[in-house]
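Load the model in a viewer and show it as a cartoon. The stops below are given in the order in which to select them.

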Amino acid sequence: MPSELLRSFKTSGAVAFSSHRLVRRIIRNINFKNAGCIIELGPGNGRITKELLHYMRPNSVLYAFEVNEAFCVDLEKIGDSRLKIINKSASTIKDFVSSTPFPSKNYIISSIPFGILSEDECEQIMRAIYDVSDKHTTLILFSYSLIQYRRLKKYFRKVKVQFEPINIPPAFVFVCKK
Ligand SMILES: C[S@@+](CC[C@H](N)C(=O)[O-])C[C@H]1O[C@@H](n2cnc3c(N)ncnc32)[C@H](O)[C@@H]1O
């Protein structure tokens, strides 16, 4: 539903969903053998979600935090029991996933549009991501500018930057470890 993306520009911060090339670039950073628990932030209508579910093991779990109700309806239609959809802000991840049976949240995949959020909201979400991460967690985040690099370096020791030109607009992918 790309019209929903434009209608909700104030929270989506995008004019188009991620390209196939960007989704592939994100996915290439994941070792699915070690991915028991994946958290996705801002899945939209599920471009990345579907690809994650395609490669995930049958006993893995994917928690998806999405503020837009219409997108949550799209995500429900995927109909995969490994996908747990949470119609709440990414800043609430701790409340939902700290009680999971998985000791480590192996991957956190973020499409959160940090560029359009207030400084307070950005910091709340980054703090929440940091708090549920441990040394086995990899955060994979994409953004349309390099501005987020400084913020990420404040929280994560290792931040690797990749670039995907085939996307509207071209995007940077940050792969971060504590
Ligand atoms: C740029 S779109 C990305 C959609 C999809 N993941 C993709 O890559 O095509 C950003 C998504 O983040 C969601 N979003 C924005 N702020 C959020 C928040 N605080 N918590 C959870 N989701 C949020 C928006 O509703 C939107 O679906």
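How many bridges join strand 4 to strand 5, and do they run parallel or antiparallel? Select residues 107-110 for strand 4 and residues 138-143 for strand 5: 4 bridges join them, and the two run parallel. Within this pair, Ile 108 stands opposite Leu 139 in strand 5. Strands here pair if DSSP finds at least two bridges between them. Helices (H or I, at least four residues) and strands (E, at least two) are DSSP runs, numbered from the N terminus.

Two notes on the source apply throughout. Residues are numbered from 1 along each chain as its sequence is written. This is a predicted model, in which local features need pLDDT of at least 70 and side-chain atom pairs count only at pLDDT 80 or more, while totals for chains, interfaces and linings use all residues.

**Whole chain**

The C-alpha trace spans about 40 × 35 × 30 Å along its principal axes. A compact globule of 178 residues would have a radius of gyration near 16 Å, and the 15 Å of the protein agrees with that. The radius is taken over C-alpha atoms, and the globule rule is 2.2 Å times the number of residues to the power 0.38. Buried residues make up 38% of the 178 residues. A residue is buried if 20 or more other C-beta atoms lie within 10 Å of its own, exposed if 12 or fewer, and partly exposed in between, with C-beta atoms placed from the backbone.

**Strands 1 and 2**

Select strand 1 (residues 37-41) together with strand 2 (residues 61-65). These two pair in the parallel sense over 5 bridges, and the bridge partner of Cys 37 in strand 2 is Val 61. The chain passes from strand 1 through helix 4 to strand 2 in a right-handed β-α-β crossover. Right-handed means that, with the strands pointing away from the viewer, the path from the first strand over the helix to the second runs clockwise.

Now show the side chains of strand 2. In a regular strand the side chains alternate between the two faces of the sheet. Val 61, Tyr 63 and Phe 65 point one way, Leu 62 and Ala 64 the other, and all are buried.

Move on to strand 3, which is joined to strand 2 by 4 bridges and runs parallel to it. Tyr 63 has Lys 84 as its bridge partner in strand 3, and Phe 65 stands opposite Ile 86. The β-α-β crossover from strand 2 to strand 3 goes through helix 5 (residues 69-76) and is right-handed.

Which residues lie on the covered face of strand 3, and which on the uncovered one? Leu 83 and Ile 85 are on the covered face, Lys 84 and Ile 86 on the uncovered one. Ile 85 is buried, with 21 other C-beta atoms within 10 Å.

Continue to Ser 89, in the loop between strand 3 and helix 6 (93-97). Ser 89 is partly exposed, with 18 other C-beta atoms within 10 Å. Its C-alpha atom is separated by 8.4 Å from that of Ile 125, 36 residues apart along the chain.

**The ligand**

Select the ligand and the 22 residues around it; Ala 14, Phe 17, Ser 18, Gly 42 and Gly 44 come nearest. A residue is near if its C-beta atom, placed from the backbone, lies within 6 Å. Helix 2 (9-12) and helix 4 (47-55) each supply at least two residues of this shell. The shell divides into 11 nonpolar, 9 polar and 2 charged residues. Ala, Val, Leu, Ile, Met, Phe, Trp, Tyr, Cys and Pro count as nonpolar, Asp, Glu, Lys and Arg as charged, and the others, Gly among them, as polar.

**Last stop**

Finish at Pro 169, in the loop between strand 6 and strand 7 (171-177). A cis peptide bond joins Ile 168 to Pro 169, with omega about -15 degrees.
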